[in-house]
Amino acid sequence: MTGPILAIETSCDETAAAVVRGRRIVSSVVASQAQLHTPYGGVVPEVAARHHLGTVNGVVDRALEEAGLRLEDVEAVAVTQRPGLIGALLVGVATAKALAYAAGKPLVMVDHLHGHIAATWLEPLALDPPFVSLVASGGHTRLDLVEDYRRPVLLGGTIDDAAGEAVDKGARLLGLGYPGGAALERLAAGGDRTAFGFPVALSGRSQRDFSFAGVKTALLYRLRELGPAAEERRADLAASYQEAVMRPLADRLVEAAVDLGVPAVALGGGVAANGRLRELVAERAAPHGLRLGVPDIRLCTDNAAMIGAAAQFTDAVPWPEYLALDAVATAPPGGIAA
Ligand code: KG4
Ligand code: ZN
C-alpha cells in the first residue's frame, strides 16, 4: 500500500490509533489505561473493554487530526484482530469495521504479534530481513525467524509465563506496584546481579523455548528464607532476579541468529524497554558481528503504528466483505495469522 493507513489497537490496556504511510509514522496516539488497573495488580478485562469504548473514538480523531487527514483520505483501515482480551479486541474491531464501512475502505485484520515484529520495519530503524526477532511482553514471549515480513516463522516461545509476566510477578513479590517492569529495573540498578543464583530453566544450546514459572517460585522461596532480612537485600534480589529473566532471552535470541546464519537480531514488546536486556543482547551479539534492531521504546510497547506496519504485509479484505469477521482471543496454530 502506498497511501496512508489508519490503524487501531485495543488488544490489552492501551487504546491506540496511528496513521502510517509506507515506513513513515505520520501520527501515533496511545492512551494508556495502566493506572486504572494498578489497584487490582493486573489488567481487569471488563474494565479494559469499557474504557476502550469510552476512549477509542477520541484517540482515532486525534490520530487523523495530527496527520492532517480526514477518514476519506486513508487508503485502508487496519485493526488488531487477535490475540488479546476478547472484550478489548471487540471494541477496536467494531470501531474499525464501522469506520471502514462508512468510508468505503478495505479493512486489514492484523495479528498483534505480527505488529510487534513489524515495528522494526518502520523508520527510523527500517530493519530489512533476514533477522531473528524476540518479542517479550506482558502476554507473550516468542522468537521468530523473519526472512520475509509477510511470514515470520516461529522458532520458540514460553512454555508457561511470559517474560513480562515474570517481571511483574517478581516486582509484586518485592513490594513494587503494577506494572512492575520499570520499578524492578530501578530497584535492580542499585543491586548486585550476582548476589543470588536464580535458576534458568531449559538452559542448553539450541534451546529455543523459555520457562519463567520456576524463577518466580525461586524468588518467593528466597524471600521466605530471608524473612525480615530480605528488606535490606531487595536491590540485590531485584538485580539477580532481573538477570535470571533477561539472560535466557538474550542468549537464545543471539544463539538462534548464529545457528541460523542470520546477520541481525531485533527486540520488541514492553520488556525490550529493559536496559539490562538491551545491554546483554548487545554484549552477546558483538563477538558475532550481528546487527542490532531495537526500535524506540514507544514502538516496543503496545501502539497502533506497529499495526499499520504489519497491515502492509497482510492481505486487505475488500469493502464490505469484512462485516462478518470478528475478533479472536487466541493466537492461531503456528503463532501468527499473517
Ligand atoms: O508490550 P507491553 O507494553 O504490553 C503487552 O502487550 O503486554 O508489555 C508490558 C510488559 C509488562 O510486563 C511490563 O512490566 C514490562 O513490559 N516492562 C518492562 C519494562 N518496562 C515494561 N520489563 C522490564 N523492564 C522494563 N523497563
Ligand atoms: Zn503487545
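Proline 320 lies in the segment that follows helix 11 (305-311), helices being DSSP runs of H or I with at least four residues and strands runs of E with at least two, both numbered from the N terminus. The peptide bond that leads from tryptophan 319 to proline 320 is cis, with omega near -10°. The model is a predicted one, in which local features need pLDDT of at least 70 and side-chain atom pairs count only at pLDDT 80 or more, whereas totals for chains, interfaces and linings use all residues. Residues are numbered from 1 along each chain as its sequence is written, chains are lettered from A and ligands numbered from 1 in the order in which they are written, and side-chain values use heavy atoms, with hydrogens and water left out.

Proline 124 is placed in the loop between helix 4 (112-118) and strand 6 (131-136). The loop between helix 4 and strand 6 also holds alanine 126, which has a positive phi of about 45° although it is not a glycine. Most residues other than glycine have a negative phi, and most peptide bonds are trans. Alanine 126 counts as partly exposed because its relative accessibility is 24%; the classes are buried for under 20% relative accessible area, exposed for over 50%, and partly exposed in between (1.4 Å probe, protein chains only).

Tryptophan 319 also belongs to a nonpolar surface patch with Tyr101 and Leu323, and together these residues have about 300 Å² of accessible area. Patches consist of residues with over 30% relative accessible area and no salt bridge, like charges being joined within 9 Å and nonpolar side chains (Val, Leu, Ile, Met, Phe, Trp, Tyr) within 5 Å. Accessible areas come from the Shrake-Rupley method with a 1.4 Å probe, and for residues only the protein chains shown count as cover. Tyrosine 101 is located in helix 3 (residues 86-103) and is partly exposed, at 39% relative accessibility.

At the level of the whole chain, eleven helices and ten strands are present. The radius of gyration is 20 Å, close to the 20 Å that the globule rule gives for 338 residues, so the chain is as compact as a globular protein of that length; the radius is taken over C-alpha atoms, and the rule is 2.2 Å times the number of residues to the power 0.38. Along the principal axes, the C-alpha atoms fill a box of roughly 65 × 45 × 35 Å. Buried residues account for 52% of the 338 residues. The chain exposes about 13700 Å², of which carbon and sulfur atoms supply 53%. Among contacts (heavy atoms within 4.5 Å) between residues at least 6 apart in sequence, 75% join residues at least 24 apart.

In helix 6 (residues 181-189), the buried residues are Ala183, Leu184, Leu187 and Ala188. Viewed down the axis of helix 6, the buried residues fall within an arc of 135°, so they line one face of the helix; the arc is that of the directions from the helix axis to the C-beta atoms. Arg186 and Ala189 are exposed on the other side of helix 6. The buried residues of helix 6 pack against helix 5 (163-173) and helix 8 (234-260). Helix 8 contains aspartate 236, which is buried with a relative accessible area of 18%. Neighbours within four places in sequence left aside, aspartate 236 is in contact with Gly191, Asp192, Ala195 and Phe196.

The structure holds 21 salt bridges, each defined as a side-chain nitrogen of Lys or Arg within 4 Å of a carboxyl oxygen of Asp or Glu. Glutamate 46 and arginine 50 form one of them, with the closest N and O atoms 3.4 Å apart. These two residues are four apart in helix 2 (residues 45-67) and are therefore separated by about one helical turn. Glutamate 46 is partly exposed at 48%, whereas arginine 50 is exposed at 58% relative accessibility.

Arginine 276 and glutamate 279 lie three residues apart in helix 9 (residues 275-285) and form a salt bridge whose closest N and O atoms are 2.4 Å apart. Arginine 276 is buried, with a relative accessible area of 9%, while glutamate 279 is partly exposed, with 40%. A further salt bridge links the side chains of glutamate 283 and arginine 284 (3.6 Å, N to O). Salt bridges that share partners join Glu243, Arg247, Asp251, Arg276, Glu279, Glu283 and Arg284 into one network.
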